[in-house]
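Biologist: Please take me closely through one part of this model, the sheet, and close with a helix pair for context.

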Amino acid sequence: MTEDFTERKARASQWFSDLRDRIVAAFEALEDAQTSGPFAQLAPGRFEVTPTKRAAPDGSDAGGGKMSVLRGGRVFEKVGVNISTVWGTLGDRAQKAMAARGVPGMDRDPRFWASGISLVAHMQNPHTPAVHMNTRMFWTPHAWWFGGGADLNPCIEYAEDTAHFHGQMRRACDAHAPEYYARFKAWADEYFFVPHRGRARGVGGIFYDDLNTGDWEADFAFTRSVGEAFLPAFLPVTERRRDTTWDDADKDVQLIHRGLYAEYNLVYDRGTKFGLETGHDANAVLMSLPPLAKWP
């Protein structure tokens, strides 16, 4: 690949950063607006922002980002919104994983660059669903692609919430290709399945990876649409459920479901594996884990 991607990399990285800023502002506004319920006496939650750094084996700069985590809020028990832009040389295991996915030339030139945003929210109220969203761009000297998606993870499901969330994801997909929603919904259903439990992690959404149609601008535009769809998909569901009355039995259901979520992220999640194998900040990589969980 001879095309210079310097400008495109910068645009993608900046967009992920801008999306992070908008989501953080929206979530803090949600905290401010929560003036009823058992957590209303708490101070509205605020994100603690920690810079993350990644070093190459020789000690040189290999990128980093921001880990933004809000803990113990009125609405969110824990939510992380991380961004990163990293680069370097893939190790043997990562090279083999990329080659197995069809990425050419990794044995000749294993350099890489990656940027993205990753979000996971665990809620105070068991009736308000947990949620995950991620969009990213990956580049090697021989290939580039986008990936991401969003999925809803209620411990107590409401059909109207599931329908609303999927409706927003469908709208984002339909604006770009009529086949995207069905394709990426099916991919999410497969990807977020927990084999050792024989069940899905949640009610799905969309998931895609290795997206390279040959038109970088079109694929970047689609990825932006997925990111833009997140707040309209999630905020109305949260606002609808955040004041629902709950009891100890509901909380128990939530904590057990969080155990399922933790199992999936530690055992199967591709992003967790990549982050740890490439030496990124472990706390940022494991941000997705819930603050409390329970196993039956």
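Modeller: Strands (E, at least two residues) and helices (H or I, at least four) are DSSP runs numbered from the N terminus, and two strands pair if DSSP finds at least two bridges between them. The model is predicted, so local features need pLDDT of at least 70 and side-chain atom pairs pLDDT 80 or more, whereas totals for chains, interfaces and linings use all residues. Residues are numbered from 1 along each chain as its sequence is written, and side-chain values use heavy atoms, leaving out hydrogens and water.

The sheet is an open one of 7 strands, paired antiparallel in the order β1-β2-β3-β4-β5-β6-β9. Its edges are formed by β1 (48-55) and β9 (204-211), and because each of these has a single partner strand, one side of each is left without a neighbour in the sheet. From one strand to the next, the twist averages 5°, where angles run from 0 to 180 degrees between the N-to-C directions of axes fitted to C-alpha atoms (for helices, over the stretch in contact).

As for the helices, α3 (residues 159-174) packs with α4 (residues 180-191) at an angle of about 130°, their axes lying 8 Å apart. On the α3 side, H166, M169, R170, C173 and D174 make the contact, and on the α4 side Y180, Y181, F184 and K185 do, contact meaning heavy atoms within 4.5 Å.
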